[in-house]
Amino acid sequence: MINITIPTPDVTIYKQIAPELSNIYGFTDFHLIPRDKAGIFMFYNDKDELLFVGKARKLRPRIKKHFEDTVSVIKMNRNEVNKIEVCLIEDPVHREIYETYIINELKAKYNVDKVFFA
């Protein structure tokens, strides 16, 4: 049996209410997410329920894309995202394993690919 532990987030940012600074959907701390690092990211709602898990070779641009893209899986539910957690994981195989594991273990609400739970 393989034992996988969900990694501890390296960066966590929260949506601000009425932010005074420049923001994307209320998040003012995007600069804390590394631009050129690889890893996985998780979007949570205000009840700390997992909404979406993704992976990227370049985290910050990929996460921003989910808030700007017209084809993002969460495009209709962007306002639900209250917290973003980021785990830095350079190995692409490890990213794939963690993403699939977290989607299924925590039952991410808006992930449609890689779902093995009913």
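This is a predicted model: local features need pLDDT of at least 70, side-chain atom pairs count only at pLDDT 80 or more; totals for chains, interfaces and linings use all residues.

Modeller: Residues are numbered from 1 along each chain as its sequence is written, and side-chain values use heavy atoms, without hydrogens and water.

Colleague: How many of the six residues of strand β2 are buried?

Modeller: Strands are DSSP runs of E with at least two residues, numbered from the N terminus, and buried means under 20% relative accessible area with a 1.4 Å probe, protein chains only. G39, F41 and F43 point one way from β2, while I40, M42 and Y44 point the other way. Strand β2 (residues 39-44) is largely enclosed by the rest of the structure, because the number of its residues that are buried is six of the six.

Colleague: Which residue in β3 is the bridge partner of F41?

Modeller: Two strands pair if DSSP finds at least two bridges between them, and six bridges join β2 to the antiparallel strand β3 (residues 50-56). Within β3, the partner of F41 is G54.

Colleague: Which residue in β4 stands opposite I40?

Modeller: Strand β4 (residues 83-88) also runs antiparallel to β2, and six bridges join them. The β4 residue opposite I40 is C87.

Colleague: Are the rings of F41 and F43 stacked, edge-to-face or tilted?

Modeller: Rings of Phe, Tyr and Trp (its six-membered ring) pair if their centres lie within 6.5 Å, and planes under 30 degrees apart count as stacked, over 60 as edge-to-face and the rest as tilted. The whole structure holds eight aromatic pairs. In the pair of F41 and F43 the ring centres are 5.4 Å apart and the planes lie at 40 degrees, so the pair is tilted.

Notes. Buried means under 20% relative accessible area, exposed over 50%, partly exposed in between (1.4 Å probe, protein chains only). Helices (H or I, at least four residues) and strands (E, at least two) are DSSP runs, numbered from the N terminus.
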